[in-house]
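Please read them with the model open beside the text.

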Amino acid sequence: MVAARAADRLLDAARQAGITRWVTYLEPLPDLLRDGELGELRRVALRARSAYGPKDSIRDALPRDLTEPFLDAVDKLLKELARRDVGG
């Protein structure tokens with residue numbers, strides 16, 4: 001899954017930079033995005049999306065070439081889940 005691979009890249013970058021706060025936040029996401037139950041996927045995607053807050057954002061800690069692909073992938077996942085919920 002695209003979102004899981006993007007989360008893996010963000011997690012690696014946070015580890016290399018020694019940003020413990022974001023390592024802790026991101027650590028469960030790749031596996032949950034990859035292997036989580038379908039019913040749990042929306043919750044995980046929303047948690048991932050919340051890393052882009054207006055006052056505290058992962059964008060402030062990690063490079064844009066890593067944060068934006070993850071955001072795009074999570075947004076696409078949320079759209080697909082919404083379509084599925086509507087029956088599309």
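Over the ring of which residue does the charged end of arginine 47 sit?

1. The model is a predicted one, and in it the charged end of arginine 47 sits over the ring of tyrosine 25, at 4.2 Å from the centre of that ring.

2. A pair of aromatic rings is described by the distance of the centres and the angle of the planes. The count of aromatic pairs comes to one. The rings in question are those of tryptophan 22 and tyrosine 25, and because their centres are 5.3 Å apart and their planes stand at 75°, where an angle over 60 degrees counts as edge-to-face, the pair is edge-to-face.

3. Tryptophan 22 and tyrosine 25 are both buried.

4. A separate point concerns threonine 67, which is found in helix H5, residues 64-86. Threonine 67 has a relative accessibility of 1% and therefore counts as buried.

5. The side chain of threonine 67 is in polar contact with the side chain of glutamate 68, at 3.1 Å. Leaving aside residues up to four places away in sequence, threonine 67 touches Leu10, Tyr52, Ile58, Arg59 and Leu62.

Methods: Residues numbered from 1 in each chain as written. Predicted model: local features only at pLDDT ≥ 70, side-chain atom pairs only at ≥ 80, totals over all residues. Heavy atoms only, no water. Phe/Tyr/Trp six-rings, centres within 6.5 Å; stacked < 30°, edge-to-face > 60°. Buried < 20%, exposed > 50% of the residue type's maximum accessible area, 1.4 Å probe, protein only. Lys NZ or Arg CZ within 6 Å of the ring centre and 35° of its normal. Helix = DSSP H or I, 4+ residues; strand = E, 2+ residues; numbered from the N terminus. Polar contact = N/O pair within 3.5 Å; in protein donor to acceptor, adjacent residues only side chain to side chain. Contact = heavy atoms within 4.5 Å.
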